[in-house]
Amino acid sequence: PVMLGTEDRSATVPAVLVQLVGQARSLATPEARQLLNASSPSERAGWVVGLQQLTDAVAAATLTATEVFDANGDGQTLHGAASTQAWLRGACRVTGAEAAERVRLARASRSLLADPVAQVRDGVLTYQHLRAVDRGTRHLPAPQQPKAVQLLPDLAQVAPVGDVRTASKHLQDVLDPDGSLADCQQQFDRRYLTLAPLMDGMTALDGLLDAEAAALLSAALEPFLVPADRDDRRTASQRRADG
């Protein structure tokens with residue numbers, strides 16, 4: 001048996017999953033690397049795409065298992081955990097934010113996100129697209145959420161995750177203009193920039209910008225992120241600092 005997490009929140013992994021995990025791990029061995037090096041570019045591309053599909057399928061299966069586990073209160077019943085989220089932090093060794101997101105998506109898969117989760121399972125959407133759809137809908141008023149869930153997955157099938165996030169923000173502005181205005185004001189109120197001189201004469205910068213200011217700064221720095229020539233060895237961060 002394979003044990004996960006701390007002693008009081010451990011779980012015995014079923015044999016079928018132990019076998020699947022072992023097979024997946026074998027794909028990251030030095031022997032697998034040699035096989036990839038001996039393959040053609042198109043074959044290597046197929047490996048990357050196929051493994052991404054496997055990752056998304058596993059993510060969908062994890063949501064299904066988490067949903068059933070949570071619905072039955074197994075973490076509390078078996079190990080006395082305060083919640084499914086608390087159990088996940090111990091058993092799967094994830095952060096609180098990661099555990100909270102898993103539980104939220106798992107619960108939403110029972111109703112609001114049932115179709116998008118099924119699309120991840122079937123390879124129509126990626127898990128990252130599902131997260132973008134969730135983030136784009138959960139802050140909307142409840143009556144507006146089903147509309148967003150109908151629209152965003154269609155876009156996610158043909159667009160990168162970044163475009164889905166942008167569309168989500170636009171959808172929030174359209175469906176909930178008052179809420180979007182309040183969010184913008186809250187972001188603006190949280191802005192700050194500090195410069196901390198260091199002992200060696202350098203200065204450390206730290207700050208937080210609202211969306212509009214960040215967009216302006218990003219646009220101003222974008223030309224500097226392109227290497228000057230083939231001999232430009234600066235990192236992207238260094239080019240940004242020079243800009």
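**Salt bridges and helix packing**

Reply: In this predicted model, the structure holds twelve salt bridges.

Me: What makes the pair Glu 67 and Arg 110 a salt bridge?

Reply: The closest N and O atoms of Glu 67 and Arg 110 are 2.9 Å apart. A salt bridge requires a side-chain nitrogen of Lys or Arg within 4 Å of a carboxyl oxygen of Asp or Glu, so the pair qualifies.

Me: Why are α9 and α10 called roughly antiparallel?

Reply: The axes of helix α9 (residues 145-156) and helix α10 (residues 161-175) cross at roughly 155 degrees and come within 10 Å. Angles over 145 degrees count as roughly antiparallel, and α9 and α10 are therefore given that description. The crossing of α9 past α10 is right-handed.

Me: Which residues make this contact between α9 and α10, and how do they divide by class?

Reply: Ala 148, Leu 151, Leu 152, Leu 155 and Ala 156 of α9 meet Asp 163, Val 164, Ala 167, Ser 168 and Leu 171 of α10. By class, the contact of α9 with α10 comprises eight nonpolar residues, one polar and one charged.

Me: Why is α3 described as oblique to α7?

Reply: α3 and α7 pack at an angle of about 140 degrees, and their axes are 7 Å apart. Roughly antiparallel would need an angle over 145 degrees, and roughly perpendicular covers 65 to 115; the angle of α3 to α7 therefore counts as oblique. Asp 56, Ala 60 and Leu 63 of α3 make the contact with Val 117, Val 120 and Arg 121 of α7. Four of these residues are nonpolar, none polar and two charged.

Me: What is the mean pLDDT of the chain, and where is the pLDDT below 50?

Reply: The mean pLDDT is 88, with 93% of the residues at 70 or more. Residues 1-9 have pLDDT below 50, and this stretch has 22 contacts in the model beyond near neighbours in sequence. Where pLDDT is low, the predicted coordinates should not be read in detail.

Note on methods. Residues are numbered from 1 along each chain as its sequence is written. This is a predicted model: local features need pLDDT of at least 70, side-chain atom pairs count only at pLDDT 80 or more; totals for chains, interfaces and linings use all residues. Side-chain values use heavy atoms; hydrogens and water are left out. Axes are lines fitted to C-alpha atoms, for helices over the stretch in contact, and angles run from 0 to 180 degrees between N-to-C directions. Helices (H or I, at least four residues) and strands (E, at least two) are DSSP runs, numbered from the N terminus. Angles under 35 degrees count as roughly parallel, over 145 as roughly antiparallel, 65 to 115 as roughly perpendicular and the rest as oblique. A crossing is left-handed if the near helix is turned anticlockwise from the far one by less than a right angle, and right-handed if clockwise. Contact means heavy atoms within 4.5 Å. Ala, Val, Leu, Ile, Met, Phe, Trp, Tyr, Cys and Pro count as nonpolar, Asp, Glu, Lys and Arg as charged, and the others, Gly among them, as polar. pLDDT is the predictor's confidence in each residue, from 0 to 100.
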